[in-house]
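Subject: Structure handover

Hi,

Here is the structure I promised to pass on. Please open it first, then read my notes below.

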Amino acid sequence: MSHLAAIIPAPKAPLVVQKVETPKPGPHELLIKNELVGLLPLDAKLAKAAIFPLQYPAILGVSFGGTVAAVGADVSGFNVGDMVTTAKMDVAAGDKFSAFQQYVVARAITTSNIPKNIELNLPVSLVGNLGTVVGLFTLSAGLEKPDPEAQVPSKDSKILVYGGTSSFGSLSVQYVTQAGYKVVTTTSPKHESFVSKLGALKVVDHTQDEEALVNELVEEGPYDLVVDAISIPSTLRVTAAVLSAQGGGDVYALLPAFGPETLPHGVTRKFDSWSVPLRDEENAELLKWTFGSYLPRAVAKGKLVPLPTQKASGGLGGLNDALTELYNGVSGVKIVTHPWE
């Protein structure tokens, strides 16, 4: 049996659609008929900038969803025909786990069952950043886990999430708010109505003059945790200035510094591959909770608001254009594609 996949033959080369052999799932694995791919900025950076060394030719793609086509050995809780969503937690893992193809192997522990009455674009829009959100806030920063089915006690701690319109930022605001923390975030006026639905205590206009922006964010503080969901030099200047005004600390970043960087005294950029420690044996229960409990419960209860989706035309053959658009920058939308189109 074979299926179609979009393959990148060399670093920064255009993707080419061709047939590949359909694998069988191994122990603790599922074979999924891939019905929707959710594109991440990481996908575009891998395709267009080759930011991570890969073995070429390669298949890219992190987050997707569809129907379970086969179940491997030692798997419980999943059956053929189930609707699921899943994420590839390691970009260097084998091509069989990559989303830019019609059939994909997924690890059961990073896969979530989704009720059939839920539109697939909702969980697929969320799952790609879920491991990073949990890894940063719960595992690294030590925040308590949320409960999407219960009202948790409000906490005195205040968190700044810069970039509430981004896919990571929008999920972060909801995750942290559901855990009882007070959240301040930023967006542009055109996206304020969407971001206001996420539960933040305050939404600040990030299009205003930088000095005014810093002053307003400082007035809303102080913050127990500052997270920059964008992490480019212009946003780091803002978040670092906010931290400096309250005495310094770490800016939790989604990207490393790609060149020399000068931050205010006492402020450091703290970057890690936040989802990677979730795969460690000592964190197995947290990983199981993330995909096996939190996401399916939150989706079923309607507790998560996804970004609006923008469908890329052309299926796998349209990925080159979609990745170019994503690499050049999009705001307030999640680009998705249908592999069988």
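Helices (H or I, at least four residues) and strands (E, at least two) are DSSP runs, numbered from the N terminus. This is a predicted model: local features need pLDDT of at least 70, side-chain atom pairs count only at pLDDT 80 or more, and totals for chains, interfaces and linings use all residues. Residues are numbered from 1 along each chain as its sequence is written, and side-chain values use heavy atoms, leaving out hydrogens and water.

Start with a loop residue. D74 sits in the loop between strand 5 (63-71) and strand 6. Its relative accessible area is 60%, so D74 is exposed. (Exposed means over 50%, buried under 20%, and partly exposed in between, with a 1.4 Å probe and protein chains only.) D74 touches P27 and H28, leaving aside residues up to four places away in sequence. Such a contact means heavy atoms within 4.5 Å. From D74 to G26 is 48 residues in sequence, but 8.9 Å in space, C-alpha to C-alpha.

Next, helix 7. This helix covers residues 284-300, 17 residues in total. From first C-alpha to last, helix 7 reaches 23 Å, close to the expected 24 Å at 1.5 Å a residue. (The expected span is 1.5 Å times one less than the number of residues.) Helix 7 has a kink of about 40 degrees, centred on T290. The bend at a residue is the angle between axes fitted to the seven residues ending there and the seven starting there. T290 is also buried, and other buried residues of helix 7 include W289, F291 and P296. Their cover includes strand 6 (83-87), strand 8 (111-113), helix 2 (121-140) and helix 3 (167-178). After helix 7 comes G302, with a positive phi near 70 degrees.

Now the helix pairs. Two packed helices are described by the angle between their axes and the distance between the axes. Axes are lines fitted to C-alpha atoms, for helices over the stretch in contact, and angles run from 0 to 180 degrees between N-to-C directions.

Helix 5 (residues 210-220) and helix 6 (residues 233-245) pack at about 40 degrees, axes 9 Å apart. The two are therefore oblique to each other. (Under 35 degrees is roughly parallel, over 145 roughly antiparallel, 65 to 115 roughly perpendicular, the rest oblique.) Among the residues meeting here are L213 and L217 in helix 5, and V238 and A241 in helix 6.

Helix 1 (residues 41-49) and helix 8 (residues 319-328) cross at roughly 105 degrees, their axes coming within 9 Å. That makes helix 1 roughly perpendicular to helix 8.

Best wishes
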